[in-house]
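Here are a few friendly notes to read alongside the structure. Take them one at a time and find each residue as you go.

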Amino acid sequence: MRDGSLEQGISLHFNLVGADFDSAGEASSKIKLVLQQIGIRSEIIRRIAISAYEAEINVIIHAYRGKMQAEIYSDRTEIRLEDQGPGIPDIALAMREGYSTAPEHIRKMGFGAGMGLPNMVRCTDEFDIQSVTGVGTIITMMVRH
Amino acid sequence: MRLSQILPVLKAEVLCGTKWLGREAETVYGSDLLSDVLAFTTEETLLLTGLTNIQVIRTAEVSDLAGIVFVNGKRPAVEILAMAEEKGIPLLITKLPMYEACGLLYQNGLKGCM
């Protein structure tokens, strides 16, 4: 596991497009596949995949477009999502379980339960969110292997 | 309980993934809220749901679910089946509503994710 390439990290980059629900989750799926290929424990992969997927879905639901980046090191995975979108006016409120601003058509798909951000916090060892209303949101997460 | 043993309990039909019916479902979760599935399930859980969209398959994939049972006889589109097959997720369908399906599995010894 501790070969040179892993110490430098594996870098994965994805472009996300708002409202593209058919592709939503593909980036997280690819991150999961790479983690499986390098032999990370399944319960760790599950936490990374779930937090990545929640964050990816959030961009698809709320933003116009975004970039997702995963850096996989031997001892941890870091994920960063940066979107151009409406931003989050009240982050503390958005972090509350059950709070959601997702519209009706999103709820019909099974999302908008208000569990996305709390779930990201629960699955990760480090979580940070920065948002500017009318500009966009940046989420960074880290999970130790 | 193996998925193959769950089939007769729910009078379910296999939509795809016959080769994975030997898989054990450790627990069961019934929900139409995917974020709840992502938040409250554990690995090798069988999901019962009325949702038939592509995101259900994605959710099952990232959550390492044992499989999905569509309740109320709701049948997903062909491309959904193809995706589940590719991801290794067995899909079952039952005419039973959610409550009855969950009740029967509980009666047969399967517990929730708590």
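1. How many residues does the contact take from chain A and from chain B? In this predicted model, chain A gives 25 residues and chain B gives 22 residues. Lys32(A), Arg46(A) and Tyr53(A) supply 30% of the area that chain A buries against chain B, more than any other three residues.

2. The area buried between the two chains is about 1,900 Å², and carbon and sulfur atoms give 49% of that area.

3. Now look for charges that meet. Side chains of opposite charge can pair when their charged atoms come close. Across the interface of chain A and chain B there are 2 salt bridges. Lys32(A) pairs with Asp64(B), their closest N and O atoms being 2.5 Å apart. Glu26(A) belongs to a network of salt bridges with Arg58(B), Glu61(B) and Lys87(B).

4. Polar contacts join in too: 17 residue pairs are counted between chain A and chain B. On the side of chain A that touches chain B, α2 (26-37), α3 (42-62) and α6 (116-123) each give two or more residues. Of these, α3(A) gives the most, with 8 residues. That side of chain A has 10 nonpolar, 7 polar and 8 charged residues.

5. Over all chains, the structure holds 15 salt bridges. One of them joins Lys19(B) and Glu85(B), with the closest N and O atoms 2.9 Å apart. Lys19(B) lies in the loop between β1 and β2 of chain B and Glu85(B) in helix α4 of chain B, so the pair ties together parts 66 residues apart in sequence. Lys19(B) is exposed, at 61% relative accessible area, whereas Glu85(B) is partly exposed at 32%.

Terms used. Residues are numbered from 1 along each chain as its sequence is written. Chains are lettered from A and ligands numbered from 1 in the order in which they are written. This is a predicted model: local features need pLDDT of at least 70, side-chain atom pairs count only at pLDDT 80 or more; totals for chains, interfaces and linings use all residues. Side-chain values use heavy atoms; hydrogens and water are left out. Contact means heavy atoms within 4.5 Å. Buried area is the accessible area (1.4 Å probe) that two parts lose on being put together, summed over both. A salt bridge is a side-chain nitrogen of Lys or Arg within 4 Å of a carboxyl oxygen of Asp or Glu. A polar contact is a pair of N or O atoms within 3.5 Å; within protein, one must be able to donate a hydrogen and the other to accept it, and residues adjacent in sequence count only if both atoms are side-chain atoms. Helices (H or I, at least four residues) and strands (E, at least two) are DSSP runs, numbered from the N terminus. Ala, Val, Leu, Ile, Met, Phe, Trp, Tyr, Cys and Pro count as nonpolar, Asp, Glu, Lys and Arg as charged, and the others, Gly among them, as polar. Buried means under 20% relative accessible area, exposed over 50%, partly exposed in between (1.4 Å probe, protein chains only).
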